[in-house]
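Please look through the sequence and the structure shown here.

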Amino acid sequence: MSKPVTRIPATNALMTNKRRDFMSYVWGFGLALILTLVPFALVQWQATTRGSLLIIIAVLAMVQTVVHFRFFLHLGRKRKREDLLLVLFSTSLLIIMVAGTIWIMANLAERMTPI
Amino acid sequence: MISELFKRVEFYLDARQNKEIFIYPGLNLGAEHSNVHTQAEATVFGFWVFLMSDAIIFGMAFATYATLLQGTAGSPGPRELYHLGPIFIETLLLLTSSFTFGMASIAMKYKHPTSHLVGWLLVTLVLGVIFLGMELDDFRTMFAAGGLPTQSGFLSGFFGLVPLHGLHVTAGCIWLVCMLGQIAVHGLDSETKLGLLRLALFWHFLDIVWIFIFSVVYLGGLA
Amino acid sequence: MSWSTTLNHPLGLLDADSFPFLAMLGSDDSDIFINGLLGSFAAALVVISVMVVVALLTRYRAWRTLWFDWLTSADHKKIGIMYVVLALVMLVRAIAEAVLMRAQGAVGLDGGFLSSDHFAQLFSTHGTIMIFFMAMPFLTGLINYVVPLQIGARDVAFPILNSISLWLTVAGAALVMTSLVVGVFSTGGWFGYPPYTGTLYNPGVGVDYWIWSLTLASLGSTLTGINIAVTIYKKRAPGMKLYYMPLFTWTALCTAIMMIFAMPPLTVVTLQLALDRYLDFHFFTNGLGGNQMNFLNMFWLFGHPEVYILILPAFGVYSEIFSTFSGKVLFGYKSLVWATMSIAFLSFLVWLHHFFTMGQSGHINAVFGIASMLIGIPTGVKIYDWMWTMLRGRVRFSVPMIYSLAFIFLFVIGGITGIMLANPILDYQVHNTVFLVAHFHNMAVPGVLFGMLAGYTFWFPKAFGFRLDERWGRISAYCWIFGWMGAFFPLYILGLMGLPRRSVAYEQASYVPLEIVAFVGALLVAAALMALVIQLWVSIKHREENRVFVGDPWDGRSLEWATSAPPPEYNFPVVPSINDRDAFTAAKEFGVGYQEPDTYVNIEIPQNSAMGPVFGGTSFLLAFGLVWQIWWLVILTGLVTIGTLVVRGFQRDTLKIIPAETVCRAHRHWIQAARSAQPIKRSQEHTAANKGRAALETVEVST
């Protein structure tokens, strides 16, 4: 404790925390708004081919999900990372289940299509 | 006992360094609400785990929808039934309600007058109810255009997924009314705070599910 | 079904013909009569048992005790015991059905005595009960009882939720039992594949009974999973790192996580089938774009992890038993933990091996076949670890150990047939034959059930304060083991000979001898069940000489043995502090096993709550209303259910305080008993000298 500690009055600390919390929601709201407007606009005016539209929509949805997790649910802002790990674990299982289902069912559909 | 004490000391030190520890998902109440804050670690974590389980439910509903996408069986498909306009407004409503709930959380955390908290919650509730009303109207339009769930596999997949989200929002609205009731009866005691912390997670979670609904179902269907 | 008629009728579809007994009397067909007689006998048993229980409760004025001490209890130990009681009751019914099916098999050449519909109901209820209302409650009960004690917690994270989970499961079980008396059960097997289970081919109430009992059970299990996982994550005693946890707790954690993620697909798939049946949706119908194959896909997304949900806690029990009854530290603790986690994760990657023959491309089958075979590796690691735990240990061949050893031998056989089935090419040959039936019973009985029974014997003295009778325990164990071998080894051969599963009758005379052997085996299993009941009876009669109040009859190693038997409501007067694996063994070696703390404090524990039983009751009525389409009942109970939740939200002061003096008095009494008890050697384990205090006996491991 040789270094001089700058004492921040408790009220002041609260103020900065509050500001940061507030800004977190504002950032989240703003980013989510943009990430929503863009794909809606692209689809509304059919800006590009169906294939690329689908890819753009998918990517923006992923990004927006991360934005929500980060700014609304404040994941990753903590030292114990159990919650984040749980999200990642759940996501991997979700991907296994959903992608597996689509893989299997698409394959079956393809094999049953009359030639 | 001792670990409890250590936690308290840690909070104190971190507050001094102006660094918050987040020990559960969502906005943490922090040392100012020390009693609830430590209690919340297990309670809110438990609810978070439930949401992950719920996410799998939605995941399976999405997978079913994707599987049945081709099964229109001659009845109307996405292009005939989906309309981008109302969905866009619903998306904005839900997103704004997530933001207003965030404001409610801040009002609770920083001990603003209870009227602020109640005000933000009421705004959230109104947005949620308008969302539900619009969604019901969408379904009515779909029914009128021949889009009934009994018509085809595709429509079954749709009505197995989107109203599932709607039911969740309805449950969220009822829960919100109950929380307002608890604030009225008990004030902002620790149980009420714990309830609001969990409801906030639920609300934000439903907004995330909606991202996938408008992206996969509506935008994907109309792209 | 017509909506207007069911809306107009106050009892929905329910009428006099819904009672099989009455339907039997109204018929002059002898086939219907025999099957009706069997069904009515079973129904009468249910009704009479319920009446006897009610009469006894009234006779001994036990209603108050039952309600206040048990049904409304939030104590994880009592909830655990109630789960196990439910499991044992349902076990009796499912075994009776199994014996009936094997009897039919023995005389099934060109006929037999059961109608095909009755036979189909038997295998459907047998499977449904064994999985959802026997194995699941049994393992949930053991986990509930043991895990909080093992991690030094006072209770689970959410005690009232725990009670709700129990009562949801009970409601599901009650629904299955009700189907014996009112209406029929599904004939679609425990996995109820559509389109057979759609309204087109199955218009009756049977499938609806199946749907709603499964829905209740799966909701209960999801909530249990959440509860146990959070308990283990957040409620461990100070100092207990994850790697200090006993292996049973580890397996409980993995099982809980799997419940959280594997139950939702089941909930979804049963509800979608319900939508198909009730509201004419087309998820799984033949026509109009439905896709029945997705039912198989999603059912097994749940179904395969489910298999490991069942087996992992059994692995945990075996680990505790091998270590305790060898008087040695568990060999390869970390490898066992990692093997458990690998199995839990891999189990989510193999679901397709349940429908290799559905018609997807070879490369998909190959991927899932390889993934399935991979599970053999961590399982093999476990088998070696257990064997090496016994190596040069002080091994005692008492009942839990007999089950465990039988498990090792038989489970390896089952594992090998599993690897065979994981090969799609071979699977095509034996798919849907009784070879498969033999394989999964090989995993489910010597794997799961033996583990549960071993755990029951192992922890019984902890829960009730006295040991179970050893002699009847052995008789039961040997009957289980040889009965199982007799009943299922023939099925492997019959399967290779081509006998399809679920055949009510067959035309090949060459099947008869092996079918008879299997029937004899089934009778032996029934004898095992009888022996189990006798064991309980004898043990209760001689409970005074078998008391183990001090609480450590087997020289236990983990924390659950460090408290009295039965433990106080709050488990530990002072939350223990842990700095080693096998915490209690360490404490005993350092001579600090039975010590008084410096101070006692008031302990807060949750109050009883009627929430659980009320929830169970309303959800049962809700499900019953749905089955019989009694819509006013559905709406009413639905509102009551929601109302209960809302009211609970408004409740405060849900804790009660146990004053420090009470804790102190109880603890001193126990310490006194422990100090005055004669420490016994392992050779005296089964004598009346065993009061639950173990003498220090170090195993000399020569290298």
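Across the interface of chain A and chain B, nine residue pairs are in polar contact, both residues being at pLDDT 80 or more; a polar contact is a pair of N or O atoms within 3.5 Å, where within protein one must be able to donate a hydrogen and the other to accept it, and residues adjacent in sequence count only if both atoms are side-chain atoms. On the side of chain A that touches chain B, the elements giving two or more residues are α1 (10-44), α2 (50-72) and α3 (82-112) of chain A. Of these, α1(A) gives the most, with 19 residues. Helices here are DSSP runs (H or I, at least four residues) and strands are likewise DSSP runs (E, at least two), numbered from the N terminus. By residue class, the side of chain A that touches chain B divides into 29 nonpolar, 11 polar and 11 charged; Ala, Val, Leu, Ile, Met, Phe, Trp, Tyr, Cys and Pro count as nonpolar, Asp, Glu, Lys and Arg as charged, and the others, Gly among them, as polar.

This is a predicted model, in which local features need pLDDT of at least 70 and side-chain atom pairs count only at pLDDT 80 or more, while totals for chains, interfaces and linings use all residues. Residues are numbered from 1 along each chain as its sequence is written, chains are lettered from A and ligands numbered from 1 in the order in which they are written, and side-chain values use heavy atoms, with hydrogens and water left out.

In the interface of chain A and chain B, 51 residues of chain A are in contact with 55 residues of chain B, contact meaning heavy atoms within 4.5 Å. The two chains bury about 4,800 Å² between them, with 73% of it on carbon and sulfur atoms; buried area is the accessible area (1.4 Å probe) that two parts lose on being put together, summed over both. Side chains of opposite charge can pair when their charged atoms come close. Between chain A and chain B the count is one salt bridge, defined as a side-chain nitrogen of Lys or Arg within 4 Å of a carboxyl oxygen of Asp or Glu. It joins A:Asp21 and B:Lys109, at 2.9 Å from N to O.

Both chains carry annotated spans. In an unreviewed UniProt entry, the annotation "transmembrane region" covers residues 25-47, 53-73 and 85-106 of chain A; UniProt positions are given in the numbering used here, feature names are shortened, and annotations may be inferred rather than shown by experiment. Residues 25-47 of chain A are 87% helix and 0% strand, and their end C-alpha atoms lie 31 Å apart. For residues 53-73 of chain A, the span is 95% helix and 0% strand, with 28 Å between the end C-alpha atoms.

For chain B, the UniProt annotation "transmembrane region", again from an unreviewed entry, covers residues 44-67, 87-108, 117-134, 154-178 and 199-220. Residues 117-134 of chain B are 100% helix and 0% strand, the end C-alpha atoms being 26 Å apart. Residues 199-220 of chain B are 100% helix and 0% strand, with end C-alpha atoms 30 Å apart. The secondary structure of chain B comes to seven helices and zero strands, and its C-alpha trace spans about 70 × 35 × 30 Å along its principal axes.

Chain A also meets chain C, where 24 residues of chain C are in contact with 16 residues of chain A. The area buried between chain C and chain A is about 1,800 Å², 77% of it on carbon and sulfur atoms. The count of salt bridges between them is zero, and four residue pairs are in polar contact, both at pLDDT 80 or more. Elements of chain C that give two or more residues to the side touching chain A are α8 (206-234), α9 (247-279), α10 (293-324) and α12 (362-374). The residues on that side of chain C divide into 16 nonpolar, seven polar and one charged.

Chain C is divided into domain 1 (397-548) and domain 2 (578-607 + 654-702), with bounds from an automatic or database domain assignment. Seven residues from domain 1 of chain C and seven residues from domain 2 of chain C take part in the contact. About 540 Å² is buried between the two domains, of which carbon and sulfur atoms give 43%.
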